Amino acid sequence: MQTPRAYWPAWAERLQHWKLTAFAAWLLEAGGPITLLGSQALYFARPFFGGEQIEALAHVLEEDDEVHAFANYLRKETST
């Protein structure tokens, strides 16, 4: 499995395509404990959706430092 940060450009591009980058960054920052619940839901749903990206996103959501780093990454992508 690639590191979760390897997927960030693809995720950011998808969010930019849907014009949800700023909203996603805000939601990640404001989510707090809900991100941990989201992480567990993704681990549970992994057999249904499969893929390394689901597991990578779950890993990002369960680590507060990674959540903040990804939110900052999204903000930088929005400003460029």
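**Before you start**

This is a predicted model, where local features need pLDDT of at least 70, side-chain atom pairs count only at pLDDT 80 or more, and totals for chains, interfaces and linings use all residues. Residues are numbered from 1 along each chain as its sequence is written, and side-chain values use heavy atoms, with hydrogens and water left out.

**Stop 1: the whole chain**

Show the protein chain as a cartoon. You will find 5 helices and 0 strands. Helices (H or I, at least four residues) and strands (E, at least two) are DSSP runs, numbered from the N terminus. From that end, the order is α-α-α-α-α. The radius of gyration is 12 Å, close to the 12 Å that the globule rule gives for 80 residues, so the chain is as compact as a globular protein of that length. That radius is taken over C-alpha atoms, and the rule is 2.2 Å times the number of residues to the power 0.38.

Switch to the C-alpha trace. Along its principal axes it spans about 35 × 25 × 20 Å. Now colour by accessibility. Of the 80 residues, 31% count as buried. Buried means under 20% relative accessible area, exposed over 50%, and partly exposed in between (1.4 Å probe, protein chains only). Contacts means heavy atoms within 4.5 Å. Among contacts with a separation of 6 or more, 68% join residues 24 or more positions apart.

**Stop 2: the largest pocket**

Select Leu15, Leu28, Leu57, Leu61 and Phe70. Of the 18 residues that line the largest pocket, these are the closest to its centre. The pocket holds about 490 Å³ of space. On a 1 Å grid over the protein atoms alone, a pocket is an open set of points with protein on both sides within 12 Å along at least five of seven lines; lining residues have an atom within 4 Å of a point. Grid points are joined across faces, edges and corners, and the volume is the space filled by probe spheres set on the points.

Next, colour by helix. α1, α2, α3 (33-49) and α4 (52-62) each give two or more residues to the lining. α2 gives the most, with 5 residues. By type, the lining divides into 13 nonpolar, 4 polar and 1 charged. Here Ala, Val, Leu, Ile, Met, Phe, Trp, Tyr, Cys and Pro count as nonpolar, Asp, Glu, Lys and Arg as charged, and the others, Gly among them, as polar.

**Stop 3: Thr21**

Go to Thr21 in helix α2. Thr21 is buried, at 5% relative accessible area. Leaving aside neighbours within four places in sequence, Thr21 is in contact with Ala12, Leu15, Gln16, Leu74 and Thr78.

**Stop 4: the salt bridges**

How many salt bridges does the structure hold? There are 3. A salt bridge is a side-chain nitrogen of Lys or Arg within 4 Å of a carboxyl oxygen of Asp or Glu.

Select Arg5 and Glu66. Their closest N and O atoms are 2.9 Å apart. Arg5 lies in the segment before α1 (8-17) and Glu66 in helix α5 (residues 64-79), so the pair ties together parts 61 residues apart in sequence. Arg5 is partly exposed at 44%, whereas Glu66 is buried at 15%.

Move to Glu29 and Arg75. Here the closest N and O atoms are 3.7 Å apart. Glu29 lies in helix α2 (residues 21-31) and Arg75 in helix α5, so this pair ties together parts 46 residues apart in sequence.

Finish at Arg46 and Glu55, which meet at 3.0 Å, N to O. Arg46 is partly exposed at 33%. Glu55 is partly exposed at 27%.

Definitions and conventions. 1 Å grid on protein atoms, 1.4 Å probe; cavity = no way out; pocket = protein on both sides within 12 Å on 5 of 7 lines; lining within 4 Å.
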